[in-house]
Amino acid sequence: MSEVWDNITTAQPEVSVQVVIATGVVALLLIAWRPVWRQTRQVVTIAHEGAHGLIALLVGRKLAGIRLHSDTSGVTVSRGRPTGPGMIAVLLAGYPGPALFGLAAAFVLSRGYAVALLWGLLLALVILLLQIRNLFGLWSVVAFGALVFAVSWWGSTDVQSAFAHLLTWFLLLSAPRAVLELQHSRRGGGGRSSDADQLRRLTGVPALMWVGLFGLVTLACLALGVVWSGLLPS
């Protein structure tokens with residue numbers, strides 16, 4: 001355990017250009033290849049619902065549970081006022097959530113703490129697991145957590161760093177696609193209970209403007225994650 005703690009608190013050597021590029025390409029394939037995306041999108045849903053839950057707690061609402069479904073949808077239930085700034089903040093958090101988590105991960109990686117990032121993610125998944133209220137959700141979080149744990153415990157430093165970069169790229173790159181899928185669903189007549197449509201009902205601001213805001217935030221996080229945090233070598 002002392003060795004694990006040393007790895008967590010010690011900055012790892014900077015990864016090579018080839019590793020950074022390769023993990024970015026793999027992340028793009030996981031997002032762009034539709035048969036794989038149907039599976040990997042569940043990671044985005046975990047981050048999305050986790051962001052709802054985190055903000056619900058921060059604004060003083062009582063978190064009643066999170067459900068994750070096999071179609072990669074999810075729902076986070078919290079108790080409190082059904083209107084007002086707190087509820088608006090909770091609804092705002094979902095779609096930008098994966099991108100903001102990715103940006104935070106990019107910041108940690110830029111400081112060289114890939115192992116700390118993985119163990120921090122594992123801790124977050126354990127906390128999230130306590131709020132899951134359906135079997136598929138439990139399976140999803142446990143399976144993802146088991147993968148992160150396996151890499152964190154048995155992986156070499158190089159493997160851990162590469163995996164941390166892959167996860168960071170995935171979060172940053174997948175968030176804009178999720179926003180595009182939201183708008184596509186809305187144009188097709190679906191998604192009327194989406195975060196954007198609920199925000200429209202609460203604020204009177206058109207749902208399309210909220211979708212646009214989601215898109216701008218996710219793209220800004222992607223740009224900032226690449227340029228500011230040094231994901232791409234200078």
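Q: Helices (H or I, at least four residues) and strands (E, at least two) are DSSP runs, numbered from the N terminus. With that in hand, how much of residues 137–156 is helix and how much is strand?
A: That stretch is 90% helix and 0% strand, and its end C-alpha atoms lie 30 Å apart. A word on the source: this is a predicted model, where local features need pLDDT of at least 70 and side-chain atom pairs count only at pLDDT 80 or more, while totals for chains, interfaces and linings use all residues. Residues are numbered from 1 along each chain as its sequence is written, and side-chain values use heavy atoms, leaving out hydrogens and water.

Q: What makes the pair of Trp119 and Trp153 edge-to-face?
A: Rings pair if their centres lie within 6.5 Å, and planes over 60 degrees apart count as edge-to-face (under 30 is stacked, the rest tilted). Here the centres are 6.3 Å apart and the planes stand at 70°, so the pair is edge-to-face.

Q: How do you know whether Trp119 is buried or exposed?
A: Buried means under 20% relative accessible area, exposed over 50%, and partly exposed in between (1.4 Å probe, protein chains only). At 19%, Trp119 counts as buried.

Q: And why is Trp154 called exposed?
A: Its relative accessible area is 63%, so Trp154 passes the cut-off for exposed.

Technical notes
Phe/Tyr/Trp six-rings, centres within 6.5 Å; stacked < 30°, edge-to-face > 60°.
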